[in-house]
Structure formats: C-alpha cells, structure tokens
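Please open the structure in your viewer and keep the selection panel at hand. The stops below are arranged so that each selection leads to the next.

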Amino acid sequence: MREPKGWVPKLLIGIAVLYLAVLILLPVLAIFQGAFAQGAAVFFESLNDPQVIAAFWLSIQLAIAAVVINTIFGTTVAWVLVRQEFFGRAFFNALVDLPFVVSPVITGYMVILLFGRQGWFAPLVKATDTQIAFAVPGMLLVTVFVSLPFVIREVMPVLREIGHEPEQAAHTLGASSWRTFVRVTMPGIRWGLLYGISLTLARALGEFGGVLVAGGAVTGKTETATLYIFAALDERQYISAYAVAVVLALFSFTVLIGMEILRKRTEITQ
Amino acid sequence: MFDASIKKRQASRPWGQWSLRAVALIYLSAMLLLPLAAVVSDGLSGGIQGLWQDISRPAAMAALRLSLWTAAVMTGINTVMGVLAAYVLVRYRFPGKAFLNALIDVPFAIPTLVTGLMLVVLYGPQTAIGGFLDRRLGIDIIFAPPGIILALLFVSFPFVVRTVQPVLTEIDLDQEDAAATLGASSWTTFRRVLLPALAPAVISGALLSFARALGEFGSIIVVAGNFPLRSQTAAVYVLSQIESDNQRGASAMSVVLLAMAFTLVFVVDFIQRRQERRNA
C-alpha cells in the first residue's frame with residue numbers, strides 16, 4: 001500500500017469515492033431524511049402502531065427460527081463437505097450457492113407448488129390439517145431457503161484452514177465425537193460461525209419477495225416488516241413506510257458494524 | 001488433501017460419519033433439490049414446446065428482454081467500477097478509506113425492498129433531483145429502465161469488489177513496479193500485468209452480479225412498478241402470473257430464469273476450481 005502520488009491515483013480515488021457516495025450513501029441519507037421529514041414525534045408515533053409491532057414481531061420470529069435451523073444444519077453440511085469425500089460432493093457444494101441466484105419470487109412459488117392446493121404434498125397437508133402455503137410455516141421455509149448458504153460458506157473455509165489433525169488428535173486421545181466437536185471443532189470455527197449467523201439474520205429479516213408469495217401478506221397474520229412497508233406504500237402512508245424501512249436499515253448497519261468488529265477479531269487471532 | 005488418513009478414519013467409525021453425511025445431504029436435497037424439482041417438472045409438464053409457447057407470449061418476452069438488457073448494462077458498469085474501487089482500496093492509503101470499505105457491504109445487509117424505497121425517495125418525480133431530471137432533461141428514473149439499472153447497481157455492487165479484492169491483495173506490488181521501471185505506462189501495466197491475473201476473479205464477480213440481477217425483485221417492484229410491456233421485469237412477471245392464477249406462465253418463466261441462474265453458478269464454480277488447481 002502506498003500514498004497516492006501524481007494525478008492518476010488521485011483521480012481514481014476521486015472517482016471511486018464519488019461513485020460510492022452517489023450510488024450508496026446518498027440513497028441511505030435520503031430515506032433517513034424522508035422518515036424524519038415531519039419530525040421525530042411523527043416518526044416514533046408511526047412505529048408505535050399495533051400493526052407495525054406485530055409485523056416486526058413476525059419478522060423477528062421467522063429470522064430467529066431460520067438462524068437456529070441454518071446454524072445446526074449449516075454447520076453439519078459444512079463439516080461433511082470439508083471433511084468427507086464422496087460421490088457427488090462437488091455437485092452438492094455448487095448447489096449450496098443456488099439460493100444466492102434464485103429469485104425470491106420463485107422461492108415463494110416453490111412453496112405453493114409443493115404445499116398449495118394442487119401441490120405435490122397437498123394430500124399430506126390435507127390429512128394432517130395443517131396449513132403451510134399462505135401461512136407462517138411456508139414463510140419459514142422461504143426464509144430458511146434464502147439464508148441457507150451463509151453459515152455454510154463462512155464455516156467451510158475456516159474448517160479447511162484448521163485441517164483435520166486437531167480433531168484426529170483429540171479422537172486418538174480418547175475423546176468421543178461429541179466431545180471432540182464441542183472442545184476442538186467449535187472453538188476453532190466460532191468466529192466464522194458467528195459471522196455466518198449475522199449474515200443469516202440480516203438476510204432473513206430483509207426477505208420480501210419470497211414471503212410475499214408464500215405467505216400472501218395478510219395483515220396481522222402473515223405480514224412481516226418488509227411486507228408492511230409494501231402495504232403502507234400502497235396506501236400512501238409514506239412516513240410510516242419510511243420509518244419501518246429506517247428501523248430495518250439501522251438494524252442492517254448494526255449487523256455490519258458487529259461483523260466488522262468480528263473480522264478484526266478473527267484477523268488478530270489468526 | 002484427502003489423504004489416506006481420512007479414508008482410514010472414515011473406515012474406523014463409519015456409522016457416525018454416515019449419519020452426519022445423511023443428515024447433510026437430506027437437508028440440502030429437501031431444502032434445495034425438492035423445490036427445484038417441483039418448479040422444473042411443472043414448467044416442463046407441457047414439454048419444451050409448451051414451455052416455448054408460454055414464454056413466447058409478448059408480455060413474457062418483453063419482461064425477459066428488459067431483465068436481460070438492464071442486467072447487462074449494470075454488469076458492464078459494475079465490472080469497471082468494481083475493479084476500480086477494489087484497486088483503490090487495496091493499493092492506496094487515503095483518509096476515509098475504512099468508511100468507504102464498510103460502505104461496500106451495505107447493499108448486502110440492507111433489505112432490497114428498502115433499497116427500492118431509498119431510490120424512490122431520492123429520484124421520485126416529486127423530489128428535487130427527480131423533478132429536475134424529469135423537467136429539465138426529460139429523463140424518467142422511477143417506473144423506467146434507468147431506475148431498474150440504478151437499483152441493480154446498488155444491490156450487486158459488492159460482488160465484483162469483494163471477489164477482486166482478495167486476489168489483488170495477493171499480487172505483489174513488485175510486479176507492477178517492475179513493469180513501470182521497464183518503461184510501461186500505468187495503463188499498459190494494468191492491462192498487461194494486473195488484468196491477466198485478475199481476469200478469473202473479475203469474470204466470476206461479473207457473472208455472479210449478472211445472475212443476481214436477473215432474479216432481483218424487491219427493489220425493482222418499488223422502483224419500476226408492475227406495468228406489463230413497459231417496466232415489468234422477468235421476476236415481477238412471475239409474480240403477476242402467480243397473482244392471476246396462471247400457473248403455466250409462472251412456471252415457464254421460472255424455469256427459464258432458473259436455467260440461466262444454474263448455468264451461471266456452474267460456470268463460476270468451474271472458473272474458481274480451475275483457478276484453485278492452478279494455484280495449488
């Protein structure tokens with residue numbers, strides 16, 4: 001790294017700063033300005049609405065459930081993909097990235113095709129008298145799907161870095177598999193895991209298109225924070241929509257700052 | 001890496017290993033493969049011809065075309081600006097750099113619906129900037145392709161930067177210095193020394209951002225709305241078909257989008273694995 005000397009480096013830095021300022025910073029500032037346009041009192045008042053609180057509560061529940069599921073299964077998947085060799089490993093490894101590029105709308109649509117009235121599992125759904133499509137369970141499936149890659153993708157490189165020798169040593173010394181996992185594997189991957197969990201949480205809370213299709217956005221029943229924003233825009237309640245958006249954005253920034261701290265920490269321990 | 005010791009260890013306690021593998025593969029299959037199979041089989045239930053019939057309707061074609069060209073324009077801009085931002089961040093020291101670096105991750109963390117809302121607040125016809133552009137220059141941003149491109153630029157900005165950055169960090173400054181000492185201009189140095197080394201990462205990042213853009217929904221539905229033949233992208237088209245209970249139309253477009261996403265992911269995977277092998 002060096003000091004920028006001459007006009008070319010300075011021009012390059014100028015372009016990069018200007019581009020990011022216009023593309024990212026300006027829109028972020030605009031929404032804060034929009035939310036507080038009629039003062040802080042109106043901002044807080046629009047948040048203190050039973051419908052808004054219910055929407056946030058559903059978002060939080062879905063996000064936490066998705067984090068728990070993807071932490072447990074994600075760690076298992078990461079471990080199996082790194083430590084074991086088997087036919088089809090490369091295929092499953094590539095498959096993990098799929099949710100990154102599948103449109104959320106299609107994700108929601110998948111739930112309908114599987115659990116809707118004419119879905120593959122319609123008889124099963126009918127027999128057990130549960131509702132999955134156009135209900136919260138379907139939204140949970142979507143949330144788990146869209147946030148599936150994060151824990152796996154953050155834990156895998158860390159596992160690879162550690163190598164299998166520490167686990168092997170523990171096992172040779174007589175530790176059970178569970179004990180080896182808790183005492184040897186877990187401490188090694190914890191920062192990577194935490195990083196993955198932060199990303200999972202942020203992605204899950206922000207999900208919109210998938211839960212819109214799979215849940216149907218019924219006020220008070222299947223309305224998350226993002227779906228509330230969408231509905232409020234439709235009803236021209238702009239301040240309310242901006243206020244909820246600002247809260248979601250603030251949460252995203254908190255996660256980002258937390259991750260930055262985590263990254264510094266992992267760099268130090270390495 | 002996978003030497004004899006792994007094989008031996010797997011052989012010494014097969015049940016634990018096998019059950020873990022079973023849990024992992026069943027989870028991935030149930031969560032990813034099963035839903036995928038449902039969409040693909042529904043989309044292909046009328047054969048390739050049926051699929052073509054559903055996808056060749058004017059509204060479907062217009063939506064697909066709009067998605068493809070806006071994503072292509074975004075990818076072009078994003079690739080140039082992403083490489084530039086990565087280069088500046090890796091090579092130079094300047095005030096505010098840490099802030100700039102943190103700003104790059106913002107699109108990953110912010111819900112895309114909120115992104116769309118931000119752009120409407122900034123560029124909507126009633127705002128200062130939007131009003132100016134509309135009245136003075138006759139440029140519509142909201143409910144028009146420029147808004148779609150802006151939204152795509154925002155949500156996919158990190159892809160190129162974050163794939164190029166680590167590769168650039170690995171490349172020694174010495175190589176660039178050597179080229180410069182031998183009389184190469186900074187542009188020649190960039191083109192002849194840096195670009196060949198960066199190419200796989202740049203291409204991977206560009207393809208991923210393109211794939212991501214094809215499926216983008218949350219920001220676009222707010223920025224562009226849902227007007228068939230005018231501002232309706234492929235993902236929004238899928239939603240409109242679901243809402244009007246046209247399952248065939250929704251499935252056909254879904255299959256086309258999935259096929260493109262799949263291809264891009266596997267191409268990127270191929271590029272990255274070839275690169276790893278070369279480095280090993």
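**First stop: helix H1 of chain A**

Select H1(A) and colour Ile13(A), Ala16(A), Leu20(A), Ile24(A), Pro27(A), Val28(A), Ala30(A), Ile31(A), Gly34(A) and Ala35(A), which are its buried residues. A residue is buried if 20 or more other C-beta atoms lie within 10 Å of its own, exposed if 12 or fewer, and partly exposed in between, with C-beta atoms placed from the backbone. Helices (H or I, at least four residues) and strands (E, at least two) are DSSP runs, numbered from the N terminus.

The model is predicted: local features need pLDDT of at least 70 and side-chain atom pairs count only at pLDDT 80 or more, whereas totals for chains, interfaces and linings use all residues. Residues are numbered from 1 along each chain as its sequence is written, and chains are lettered from A and ligands numbered from 1 in the order in which they are written.

Next, centre the view on Ala21(A), where H1(A) has a kink of about 40°. The bend at a residue is the angle between axes fitted to the seven residues ending there and the seven starting there. Then examine the ends of the helix: the 29 residues of H1(A) should span 42 Å at 1.5 Å a residue, and the end C-alpha atoms are 40 Å apart, which agrees. The expected span is 1.5 Å times one less than the number of residues.

**Second stop: chain A as a whole**

Of its 270 residues, 46% count as buried. Two residues are in contact if their C-beta atoms, placed from the backbone, lie within 7 Å. Among contacts in chain A between residues at least 6 apart in sequence, 77% join residues at least 24 apart.

Colour chain A by domain, using bounds that come from an automatic or database domain assignment: domain 1 covers 1-35 and domain 2 covers 40-269. The C-alpha centres of these two domains of chain A are separated by 31 Å. Five residues from domain 1 of chain A and seven residues from domain 2 of chain A form the contact.

**Third stop: the contact between the chains**

Display both chains and select the contact, which takes 70 residues from chain A and 69 residues from chain B. On the chain A side, helix H1 (residues 7-35) gives the most, with 18 residues. That side of chain A has 54 nonpolar, 11 polar and five charged residues. Here Ala, Val, Leu, Ile, Met, Phe, Trp, Tyr, Cys and Pro count as nonpolar, Asp, Glu, Lys and Arg as charged, and the others, Gly among them, as polar.

Now select Ile31(A). Which residues is Ile31(A) in contact with, leaving aside its neighbours within four places in sequence? They are Tyr242(A), Ala245(A), Val246(A) and Ala249(A), together with Leu117(B), Met118(B) and Val121(B).

Select H6(A) next, where Tyr109(A) is one of the buried residues. Because 12 of its 12 residues are buried, H6(A) is largely enclosed by the rest of the structure.

**Last stop: chain B**

Of its 280 residues, 44% count as buried. Its domain 1 is 1-43 and its domain 2 is 47-279, with C-alpha centres 32 Å apart. Four residues of domain 1 of chain B are in contact with six residues of domain 2 of chain B.

Finish at Ala62(B), in helix H4 (residues 58-91) of chain B. Is Ala62(B) buried or partly exposed? Ala62(B) is partly exposed, with 18 other C-beta atoms within 10 Å.
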